[in-house]
Amino acid sequence: MAQQGTTADVVGIGAGPSNLALAAVVDEHNRAGRPRISMEIFERKPAFAWHPGMLLDGATMQVAFLKDLATLRNPRSPFSFLSYLEARERLVDFVNHQTFFPTRVEFTDYLQWVAGAVDARIDYGTEVVAVERAEEHAADGARWVVDYSGPDGAGRLRARSVVVATGLRERLPAWATEGPRLFHNHRLLEHLGAAAFDPHGEHRFLVVGGGQSAAEVVQHLHREFPSAVVESAFNSYGFQPADDSPFANRVFDPDAVDDFYDAPDAVRTELMERHATTNYGCVDLELINELYAAEYQEKVTGRRRLRFRPATTITSAITADDGITVALHDRLSGAESTERYTAVVCATGFRSTGVSEVLSGWDVDADRTSVARDYRLLVDGEPVPGLYVQGATEATHGLGSTLLSNVAVRAGEILDGIERESASAEAGLTVTVAKGA
Ligand SMILES: Cc1cc2nc3c(=O)[nH]c(=O)nc-3n(C[C@H](O)[C@H](O)[C@H](O)COP(=O)(O)OP(=O)(O)OC[C@H]3O[C@@H](n4cnc5c(N)ncnc54)[C@H](O)[C@@H]3O)c2cc1C
């Protein structure tokens with residue numbers, strides 16, 4: 001339970017990588033003996049977890065481990081992945097492993113290690129339901145009052161700054177109604193466990209989507225259910241490889257944030273479209289090759305369990321107690337078909353809620369808000385003091401916004417902003433650092 005009656009310097013909403021990176025830089029600031037900054041993070045999950053529904057055996061990171069929570073900001077940070085390896089006594093073993101891409105299981109353990117080590121209080125099982133403005137010129141310097149609901153009921157915490165990092169929400173197609181036989185891949189393991197599909201049953205699964213998650217789910221179901229048929233329906237003709245070539249990868253560099261933020265809107269949009277396959281609708285080439293090899297092997301043996309349906313869309317899905325009936329449209333031939341499946345997994349991506357969920361009580365339309373270069377919320381182009389946004393900034397700050405690539409540097413920039421605002425508040429000034437700061 002949060003410390004009632006106190007005022008936190010920084011309240012983080014969401015204990016994912018973004019706010020953990022912020023907690024790491026706040027901790028380093030405090031260790032350096034500078035005036036202590038208190039940080040409290042609210043996390044609605046009951047315990048630390050990083051995309052647990054997709055914690056698939058053997059799945060690896062899509063980003064080099066050096067893009068951890070701290071290294072690009074401070075290579076000597078006590079919260080780097082290398083410091084974690086040293087603490088876990090696996091540094092030499094990891095070096096021998098000769099990979100830049102640890103498994104997601106290991107990276108989750110790293111994130112959990114940081115969560116347990118940083119100088120920040122993390123309240124799990126606690127959901128922030130609203131953020132309201134504190135009274136003007138409050139004696140404690142609070143600008144915000146954060147309303148939350150936790151294991152002990154509802155509570156409020158006053159804060160000088162609030163950093164919203166609530167991540168993305170699952171996106172289901174219009175034809176899909178979530179249930180035990182139809183669900184988003186983000187909760188795959190949870191749903192598979194709850195439905196308790198017999199591992200040796202002769203199931204028929206359909207995976208919808210053509211990105212990395214879809215391909216991972218196809219492989220997982222194919223491996224874990226050795227008697228099941230696994231079908232994969234996607235829009236393109238074949239899985240498109242992720243572009244992780246070095247020049248293209250520069251779209252994720254810390255400097256790219258300035259380039260994208262300052263670019264004319266049309267140019268930014270065009271470049272994001274050109275480089276979409278660095279992240280969207282694309283699959284690791286290694287995984288594409290593995291799936292191809294698995295399908296080819298089945299052609300050799302004649303025991304076909306893996307089936308790809310290119311250029312195929314779904315038009316309806318009707319769930320019954322014993323299965324789900326799906327209408328498919330083959331865009332190449334124009335053929336319509338109706339098939340029966342055990343379950344359908346929608347690997348159909350995510351949507352950003354921005355700050356709209358926690359600011360739902362505000363009388364501000366989402367289209368009047370955006371985010372300043374220094375990550376403060378802008379309303380009608382004016383920065384809102386002490387309210388920062390991480391993640392939901394792709395349209396302004398570029399393709400790295402929702403990823404790990406830039407969390408370390410971004411966290412440092414946000415702390416700089418918080419300190420700048422706090423120094424100005426002490427001097428009785430208002431800081432208005434907007435575009436290009
Ligand atoms: C399966 C999967 C694999 C991925 N792999 C990679 C990868 O390899 N490399 C990469 O760069 N990116 C990857 N990503 C992208 C990923 O989203 C980011 O890496 C990272 O998780 C973003 O961190 P975040 O803290 O901004 O958001 P999140 O990790 O989504 O964390 C947000 C947190 O906020 C909490 N929350 C939300 N609302 C509230 C509320 N109102 N009150 C309290 N808590 C709240 C949520 O429970 C959640 O824990 C992957 C994404 C998925 C889904």
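In the predicted model, an oxygen atom of the ligand lies 3.2 Å from a polar backbone atom of Pro17, a polar contact being a pair of N or O atoms within 3.5 Å (within protein, one must be able to donate a hydrogen and the other to accept it, and residues adjacent in sequence count only if both atoms are side-chain atoms). An oxygen atom of the ligand is also placed 2.8 Å from an N or O atom in the side chain of Trp50, and for the side chain of His51 the corresponding distance from a ligand oxygen to an N or O atom is 3.1 Å. Of the 980 Å² of accessible area that the ligand has on its own, the protein covers 90%; accessible areas come from the Shrake-Rupley method with a 1.4 Å probe, and for residues only the protein chains shown count as cover.

Because this is a predicted model, local features need pLDDT of at least 70 and side-chain atom pairs count only at pLDDT 80 or more, whereas totals for chains, interfaces and linings use all residues. Residues are numbered from 1 along each chain as its sequence is written, and side-chain values use heavy atoms, with hydrogens and water left out.

The ligand is surrounded by 28 residues, of which Ser18, Glu43, Trp50, Gln62 and Leu404 are the closest; a residue is near a molecule or strand if one of its heavy atoms lies within 4 Å of it. By class, this shell holds 12 nonpolar, 10 polar and 6 charged residues, where Ala, Val, Leu, Ile, Met, Phe, Trp, Tyr, Cys and Pro count as nonpolar, Asp, Glu, Lys and Arg as charged, and the others, Gly among them, as polar. Helix H1 (17-31) and strand E4 (127-133) each contribute at least two residues to the shell. Helices (H or I, at least four residues) and strands (E, at least two) are DSSP runs, numbered from the N terminus.

An open sheet with parallel pairing is formed by 5 strands in the order E8-E15-E9-E10-E11; two strands pair if DSSP finds at least two bridges between them. Strand E8 (182-184) and strand E11 (306-309) stand at the edges with a single partner strand each, so one side of each has no neighbour in the sheet. From one strand to the next the twist averages 20°. Strand E10 (residues 229-233) runs parallel to E11 and is joined to E11 by 4 bridges, with Ser232 opposite Phe308 in E11. Helix H6 (residues 212-224) lies across strand E9 (204-208), E10, E11 and strand E15 (343-346), at about 170° to E9. Contact here means heavy atoms within 4.5 Å; axes are lines fitted to C-alpha atoms, for helices over the stretch in contact, and angles run from 0 to 180 degrees between N-to-C directions.

Another open sheet, of 3 strands, has antiparallel pairing and the order E12-E13-E14. Strand E12 (312-320) and strand E14 (336-341) are its edge strands, each pairing on one side only. Strand E13 (residues 323-330) is joined to E14 by 6 bridges, and Ile324 stands opposite Tyr341 in E14.

Strand E17 (residues 369-371) and strand E18 (residues 376-379) pair in the antiparallel sense over 3 bridges. In their hairpin, with 4 residues between the strands, Tyr375 takes a positive phi near 75°. E18 is in turn joined by 3 bridges to strand E19 (residues 382-389), which runs antiparallel to E18. The hairpin of E18 and E19 has 2 residues between the strands, and Asp380 takes a positive phi near 50° there.
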